[in-house]
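Colleague: I'm new to reading these models and would like a close look at one part. Could you pick a strand and walk me through what surrounds it?

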Amino acid sequence: MIKRAKPSPDGVKVTFSLPADVGPVSVVGDFNGWDPHTHPLKKRSNGTRSVSVLLPVDTTVAFRYLAEERGFFDDDAADDVCDNGVGGTHSLIRT
């Protein structure tokens, strides 16, 4: 699930959320240099894992999840999906 807060002068707070049973996972993308150590999803008491990221207003960013057990995967709740140029896809989110 992806939630967007209302835009502010600083940007748009986007929260990425997945079921906790996916195991350790990070969101990687244009906004963090595709670094899996920058935005790990933290386990929450409500049975999910989530992380919030501040993104620029009026932009489109590519992202994927990287799970220890599952590898890379896209988000069905993304605004769109595009070819990543190496035989796979990236999820897209517009702010």
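Modeller: Strands themselves are DSSP runs (E, at least two residues), numbered from the N terminus, while helices are runs of H or I with at least four residues. By that rule, strand β2 (residues 12-19) pairs with strand β5 (residues 48-55) through eight bridges, running antiparallel. Pro19, for instance, has Thr48 in β5 as its bridge partner.

A word on the source: this is a predicted model, in which local features need pLDDT of at least 70, side-chain atom pairs count only at pLDDT 80 or more, and totals for chains, interfaces and linings use all residues. Residues are numbered from 1 along each chain as its sequence is written, and side-chain values use heavy atoms, with hydrogens and water left out.

Now for our strand, β6 (residues 60-67). Six of its eight residues are buried, where buried means under 20% relative accessible area, exposed over 50% and partly exposed in between (1.4 Å probe, protein chains only). What does β6 pair with? Strand β3 (residues 25-29) is joined to β6 by five bridges, antiparallel, and there Val27 stands opposite Tyr65. Strand β9 (residues 89-94) also runs antiparallel to β6, with four bridges; here Ala62 is partnered by Leu92. Then there's strand β7 (residues 71-73), antiparallel again over three bridges.

Technical notes. Two strands pair if DSSP finds at least two bridges between them.
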